[in-house]
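Here is a friendly briefing on one structure, arranged by topic. Keep the 3D view open while you read.

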Amino acid sequence: MTEKKPSRKEQILQTLAYMLEAEPGGRVTTSGLAREVGVSESALYRHFPSKARMLEALIEFIEDSVFSRINRIISEGDALQQVEQILTLILAFTERNPGITRLLTGDALTGENERLRQRIQQFYDRVESQLKQVVRDAEFREGKRTRATPGITANLLLSVVEGRIAQFVRSGFRARPAEDWHEQWALIAPMIFRADGEAL
């Protein structure tokens with residue numbers, strides 16, 4: 001069976017993601033993108049009305065990829081497993097997609113439409129809300145209480161992941177997000193919930 005050839009729209013997005021990865025810290029222009037795709041700038045605009053819309057399509061890809069998997073994660077396992085899997089998912093996703101990870105740090109959004117920055121903020125807000133829900137539900141489902149409030153706990157967990165993503169981009173994609181993650185998780189996990197019989 002032959003592999004389906006990507007549409008021109010998909011080709012543009014794949015090339016944009018590649019260019020974001022190939023030039024860490026660099027700014028992708030529509031003229032450079034058109035040259036790399038092998039079309040004119042006007043041909044790019046037949047598929048996307050603006051560069052902002054191209055970047056937004058990549059952000060939509062991030063959202064769809066991450067949240068569809070999170071929905072599966074929260075349907076099984078206990079709270080600690082769910083938290084670990086959500087954080088591991090995000091780290092693994094960013095490691096596999098270095099170019100578009102620059103969108104998650106805002107590195108590739110300098111000088112772009114403010115709407116894109118808000119979209120990234122909303123992405124992190126959704127992840128944090130999901131983590132908060134998981135640790136809050138643990139009290140009702142498993143009789144577990146977090147050491148800090150669910151909100152503080154979720155924010156700390158998200159901060160760890162954001163820090164690893166920032167290191168990845170800052171290092172020019174050399175400091176892999178998932179490297180040593182299992183060892184770090186082993187340090188973090190016991191601090192989330194109170195031990196049985198521990199005073200409130």
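**Overall layout**

Starting at the N terminus, the elements of the chain follow the order α-α-α-α-α-α-α-α-α. That comes to 9 helices and 0 strands, where helices (H or I, at least four residues) and strands (E, at least two) are DSSP runs numbered from the N terminus. This is a predicted model, in which local features need pLDDT of at least 70 and side-chain atom pairs count only at pLDDT 80 or more, while totals for chains, interfaces and linings use all residues. Residues are numbered from 1 along each chain as its sequence is written, and side-chain values use heavy atoms, leaving out hydrogens and water.

**Dimensions and burial**

- The C-alpha trace of the chain spans about 70 × 35 × 35 Å along its principal axes.
- Of the chain's 200 residues, 42% count as buried (buried means under 20% relative accessible area, exposed over 50%, and partly exposed in between, with a 1.4 Å probe and protein chains only).

**Annotated span**

- UniProt lists residues 6–66 as "domain: HTH tetR-type" in an unreviewed entry; such annotations may be inferred rather than shown by experiment, and positions are given in the numbering used here, with feature names shortened.
- In the model, residues 6–66 are 75% helix and 0% strand, and the end C-alpha atoms of this span lie 22 Å apart.

**Helix packing**

- The axes of α5 and helix α7 (residues 114–142) come within 9 Å and cross at roughly 165° (axes are lines fitted to C-alpha atoms, for helices over the stretch in contact, and angles run from 0 to 180 degrees between N-to-C directions).
- That angle makes α5 roughly antiparallel to α7, a label for angles over 145 degrees.

**Aromatic rings**

- There are 5 aromatic pairs in the structure (rings of Phe, Tyr and Trp, the last by its six-membered ring, pair if their centres lie within 6.5 Å; planes under 30 degrees apart count as stacked, over 60 as edge-to-face and the rest as tilted).
- Phe61 and Phe93 form a tilted pair, because their ring centres are 6.0 Å apart and their planes are at 40°.
- Phe61 lies in helix α4 (residues 51–73) and Phe93 in helix α5 (residues 79–96), so this pair ties together parts that are 32 residues apart in sequence.
- Phe61 is partly exposed, at 40% relative accessible area, whereas Phe93 is buried, at 4%.
- Phe67, Phe123 and Tyr124 form one aromatic cluster.

**Charges over rings**

- The charged end of Arg126 sits over the ring of Phe67, 3.7 Å from its centre (NZ of Lys or CZ of Arg must be within 6 Å of the ring centre and within 35 degrees of the ring normal).
- Lys9 has its charged end over the ring of Phe48, 5.3 Å from the ring centre.

Definitions and conventions:
Parallel < 35°, antiparallel > 145°, perpendicular 65-115°, else oblique.
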